[in-house]
Structure formats: structure tokens, C-alpha cells
Amino acid sequence: MPADSCNEAEMMVSGEPLKQCQQYPCSPMDARDAFKRLDEGDDGEYYAQDRMVSHLDSLALRTVTSVIGQLVIEESPVILDLMASWDSHIPADIRPSRVVGLGLNLRELSANPSVDDAVVHDINRDPRLPFGDDIFDVVLNTVSVDYLTRPVDVFKDVARVLRPGGLFLVVFSNRMFPDKAVRVWCDSSEEERVILVEEFFSRAGGFEKPQTFVSRGRPRPRDDKYADHLSTSDPIYAVYAEWIGGHADRTPRPQPVLGSEMVFSPEEVQQRKRRIKETLRCPHCDGRLDKWTVPDNPFGQTWDNEHMYVCFNDACPYFVGGWQHMSQQGNRSASYRLMYNPEKDTCSPIPVPGLTALCESIVEEGKEDGGDC
Ligand SMILES: C[S@@+](CC[C@H](N)C(=O)[O-])C[C@H]1O[C@@H](n2cnc3c(N)ncnc32)[C@H](O)[C@@H]1O
């Protein structure tokens, strides 16, 4: 909600609209200290230490690359990687004419194989970007928006450096350097952070309506260093919008979908089905199946078993694809989940009208991976 949309009656009574807004914030962004950080020290000093590390697990990184690949449709784009380090996550099949990396650590930027020009500039100290107007086709910002102390000023300046119709893509997860992330980010849920970034866009003004992409709940790669502690892959949220003024007849950017690299081939699915009795993992997403009590008379069907095993991963390609498939059959708001019958050793779809359907019958102790129920 824009800052100037605070309740007008309150403004009239107080006569001090800003103060009143801060006292009763319309948005968490308006709260006092919203953009304060635990560590208010110099960012340049903090990032002077080289961090040639990956900030996400490998599946999440592939998702980031896939989202960039799907959204960047320009032929030879000029790209600004804002708050860049040693990896810009740009897929190999994108051939930028130039990539500028702006960050705080020159050694990290110099190690970045995508970056042609490395620029060290502290955008919390000076949100004005050291570039001319209308020069970039794409601005990327990956897993860094949480460190912006003046995000709206930065988003406004991104608009200035973007060409009309250019793309600003902001990608984030739930990992962060908590000392350097702003308070409003730390205090928000993951869903609220999506709204927050949408609000940065709308307060900056001049962008088309932001779109979102979400990938969450997928199994963490087994070889990940945190695999023993975290069962799910790092979630990926993307909020993106075009700067206004693109040609009316330009090709629209597609809505990103989970890339095919996350979907096992039909042969792999068949192999995984053959092993499902031992693994109790979904053959489509490798997520653990939840033990599920068969209700007395679900959908008029009867099964002899007391229990089945069901994949409750909302990002499972079988479930994700099911919405589209059911829609094509005329069922506008239904999908299906994979169900494994342990007595017959068979898999079948079980239809669901929504995300939480059937969840109430999960046997708690059989449920290992959490999930969204
Ligand atoms: C978590 S890292 C993410 C790096 C990279 N975008 C990626 O996807 O791996 C955060 C990055 O933000 C940059 N950064 C943090 N504060 C900044 C600031 N005030 N001005 C410019 N860059 C900043 C740092 O240099 C660091 O590389």
C-alpha cells in the first residue's frame, strides 16, 4: 500500500500525517526502524571479506538460472547484476552483449565469469546508480534485496537505468545474513516478503504490475551440506516487473514454470516406481510419501487398505502439472496427487480440489518432510 494512502481521517485529526502514519503504520514499511539493521556498520567493510560461496542449494540455484532464462527474452541484452558477487546465475544460452556487476567486493566481481564490467558502489550509502539513463535491458537482483536500507530509492533508480519495457527481476529465498538484513524483512513471513517487494515496485512507480513466481517444498538435494538438517530445498521467490513504455507489439514475457531439469524423464519415473516399496519416495519429485489413513468413503471409492502413501509436496511436478491437465479436462480448480497402494504395490492419482485437501488424514508419525498442510 502506498505511503500516501494512510487513513485520511487520522491525518485530519492529527494534523501531522507522517507522524500519524508512523504511529499506526499502513504497512510494515512505515514502522519506525523498519530499515534498521543489527549491524549498522559500513557495508563495504562487511563485504570486504571474500565469500566465494553458494548462497542456495544446487536445486534452488538451478531454479534461479531457469527463471532468468525464461524471463530474459531479449536477443543480446545489456544486463546489470545489482548486488553481484562471483556468480550471476545467467544461463549459458543467454548471450548478453554486456553484463555489468555492481557489488561491494571487487575480487568476487572479478571472479564472476559473466561480468564484463565490475563496479564497486554502496547503494545503501548512495542509492543513485552510477550509470546513465535507459541503458540496461535487464536488471537482476539475486538473494540481496533484504539488505537494502532504501529500497524504494534503489527501485526508482533501477527504473531510470532500464530501457522502456526492460525487466527488473528480484529473486530471493529465506536465507540471509541476519545482521545485515533490514528489520522489516527479518520480521516478515516468506509470503509477506513477496508483498513487501511488490510494494517496493509500486512505491517506486512507473513499473508495470509486478508478477511473481514461487518454488517451494521440493526435496533438498541429498548431497547438499545441510541435507541432514533440512529436508526441503531452499524456496525461491521471484518478483519481477517491466519498466513501462515497451513497444505495444513486443513479445510478452512468459510466466516462468518449473524447468524440465526438475522433472524426471519417463524412464526415471518408471525406475523410481519399481523401487517405491523400499524408498517410499515419490517417483516424480523424490519427496517422501506421507502415510495417509484411508477415509471411510472417499469420493464414493472404497479401498481395502487402512493406509496409503501420498505425495503431499505442493511443488511435485505430478501435482503441479495436474492443475493444468485437470483444467484441460474442464475441472478448473482441481489437481491430483500421487498415491501409492502398499498392498497392491501400485501408484495411482488421487484427485484433490485444493492444496489442503486430504491433509487431515495424514498419519502424523509417518510424515517426515513437513509440507504445506
Ligand atoms: C548474499 S550476497 C548475493 C550475491 C549474488 N547476488 C548472488 O546471487 O550470489 C549479497 C551481495 O550483496 C552485495 N551488497 C550488499 N550490500 C550492498 C550495498 N550496500 N551496496 C552494493 N552491494 C551490496 C554484496 O557485495 C554481496 O555480494
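Q: How do you know what confidence the predictor has in the protein?
A: Look at pLDDT, the predictor's confidence in each residue, from 0 to 100. Its mean over the protein is 86, and 86% of the residues reach 70 or more. Over residues 1-24 the pLDDT is below 50. Residues 366-373 are also below 50. Where pLDDT is low, the predicted coordinates should not be read in detail.

Q: How many helices and strands does the protein have, and what makes a stretch count as one?
A: Both are DSSP runs, numbered from the N terminus: a helix (H or I) needs at least four residues, a strand (E) at least two. By that rule the protein has 11 helices and 11 strands.

Q: Why are strands E5 and E7 called a pair?
A: Two strands pair if DSSP finds at least two bridges between them. Strand E5 (residues 162-172) and strand E7 (residues 236-242) are joined by 6 bridges, so they pair, and they run antiparallel. Phe172 has Tyr237 of E7 as its bridge partner. Val170 has Val239 of E7.

Q: How do you know that E6 pairs with E7?
A: Use the rule of at least two bridges again. There are 5 bridges between E6 and E7, which run antiparallel. Thr212 stands opposite Val239 in E7.

Q: What is the order of the sheet with 7 strands, and which strands are its edges?
A: The order is E3-E2-E1-E4-E5-E7-E6, in an open sheet with mixed pairing. Strand E3 (117-120) and strand E6 (211-215) are the edge strands, since each pairs on one side only. From one strand to the next, the twist averages 15 degrees.

Q: What makes E7 a covered strand?
A: A residue is buried if 20 or more other C-beta atoms lie within 10 Å of its own, exposed if 12 or fewer, and partly exposed in between; C-beta atoms are placed from the backbone. In E7, 7 of its 7 residues are buried. In a regular strand the side chains alternate between the two faces of the sheet. Ile236, Ala238, Tyr240 and Glu242 are buried on one side of E7, and Tyr237, Val239 and Ala241 on the other. Both faces are therefore covered.

Q: Why are E8 and E11 called edge strands?
A: Take the open sheet of 4 strands, E8-E9-E10-E11, with antiparallel pairing. E8 and E11 each have a single partner strand, so one side of each lacks a neighbour in the sheet. Neighbouring strands here are turned by 40 degrees against each other on average, direction ignored. Inside the order, strand E9 (residues 307-310) and E10 share 2 bridges. Tyr309 stands opposite Tyr340 in E10.

Q: Is Glu74 buried or exposed, and why?
A: Glu74 has 21 other C-beta atoms within 10 Å, so it is buried. Its place is the loop between helix H4 (58-71) and E1.

Q: Which residues does Glu74 contact beyond its neighbours within four places in sequence?
A: Contact needs two C-beta atoms, placed from the backbone, within 7 Å. Glu74 is in contact with Asp137 and Val138. Glu74 and Asp137 are 63 residues apart in sequence, yet 7.6 Å apart in space, C-alpha to C-alpha.

Q: Why is Asp345 called exposed?
A: Its count is 11 other C-beta atoms within 10 Å, so Asp345 is exposed. It sits in the loop between strand E10 (335-341) and strand E11 (346-352).

Q: Which residues come nearest to the ligand?
A: A residue is near a molecule if its C-beta atom, placed from the backbone, lies within 6 Å of it. Of the 18 residues around the ligand, Met83, Ser85, Gly103, Leu104 and Thr142 come nearest.

Notes: Residues numbered from 1 in each chain as written. Predicted model: local features only at pLDDT ≥ 70, side-chain atom pairs only at ≥ 80, totals over all residues. Axes fitted to C-alpha atoms, helices over the stretch in contact; angles between N-to-C directions.
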